[in-house]
Amino acid sequence: MTERKPPGVSFESWVDKQIREAEERGDFTELPGFGKPLPDADAPYDETWWIKRKMHREGVSVLPPTLALRKEAEDALAAAEQAVSEREARRLLTEVNEKIHAALARPLPGPPLGLAPFDVERLLSEWRARRGS
């Protein structure tokens, strides 16, 4: 545990002493990234860099619900096109269609959805045609 600052000693000199002693013990030599250049050292300064990095790491989205649903629909369509089976493609499209129907029945906050449910049968017909099935 760290010792308490003695009375009459300035915080700056006390902290400097703590750091110097830790350096002498080698406490900083085994840290991750030791001796490597700082990532994004030449990137422009952003006060909220740590918030953005944490949100990215945890997969948090700050999109309004309508835009998040548009992105999800776009991703589902792309995944359905690459699906290995018709059953998987149908499942992906049906799941996102359910969310689109729900959003149309009870509008989400944010900009207009501007999205209609996918025509699953037409997309699956195109999926089969691409595979020669």
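A pocket, on a 1 Å grid over the protein atoms alone, is an open set of points where a 1.4 Å probe fits, with protein on both sides within 12 Å along at least five of seven lines, and its lining residues have an atom within 4 Å of a point.

**Figure 1. The largest pocket and its lining**. Welcome to a predicted model, in which local features need pLDDT of at least 70 and side-chain atom pairs count only at pLDDT 80 or more, while totals for chains, interfaces and linings use all residues. Residues are numbered from 1 along each chain as its sequence is written, and side-chain values use heavy atoms, with hydrogens and water left out. Around the largest pocket you will find Pro39, Asp40, Ala43, Pro44, Tyr45, Asp46, Trp49 and Arg53. This lining divides into 5 nonpolar, no polar and 3 charged residues; here Ala, Val, Leu, Ile, Met, Phe, Trp, Tyr, Cys and Pro count as nonpolar, Asp, Glu, Lys and Arg as charged, and the others, Gly among them, as polar. The space in the largest pocket is about 220 Å³, where a volume is the space filled by probe spheres set on grid points that are joined across faces, edges and corners.

**Figure 2. The chain and its helices**. The chain has 5 helices and 0 strands, in the order α-α-α-α-α from the N terminus. Helices (H or I, at least four residues) and strands (E, at least two) are DSSP runs, numbered from the N terminus. The C-alpha atoms fill a box of roughly 80 × 35 × 30 Å along the principal axes. For the chain, the radius of gyration is 27 Å, whereas a compact globule of 133 residues would have one near 14 Å; the radius is taken over C-alpha atoms, and the globule rule is 2.2 Å times the number of residues to the power 0.38. Of the 133 residues, 17% count as buried, a word that means under 20% relative accessible area, with exposed over 50% and partly exposed in between (1.4 Å probe, protein chains only).

**Figure 3. Leu113 in the loop between H4 and H5**. Leu113 counts as buried because its relative accessible area is 9%. Leaving aside neighbours within four places in sequence, Leu113 is in contact (heavy atoms within 4.5 Å) with Thr66, Leu69, Arg70, Ile100, Ala103 and Leu104.

Figure 4. Gly110 sits in the loop between helix H4 (86-105) and helix H5 (120-131), while Pro64 belongs to the loop between H2 and H3. With a relative accessible area of 51%, Gly110 is exposed; Pro64, at 29%, is partly exposed. Not counting residues up to four places away in sequence, Gly110 touches Pro64 and Thr66. Leu63 is 47 residues from Gly110 in sequence and 9.0 Å from Gly110 in space, C-alpha to C-alpha. For Pro64 and Gly35, 29 residues apart along the chain, the C-alpha separation is 41 Å.

**Figure 5. Val62 in the loop between helix H2 (49-58) and helix H3 (65-81)**. Val62 counts as exposed, so look for this side chain with a relative accessibility of 66%. Val62 and Thr29 are 33 residues apart in sequence, and their C-alpha atoms are 37 Å apart in space.
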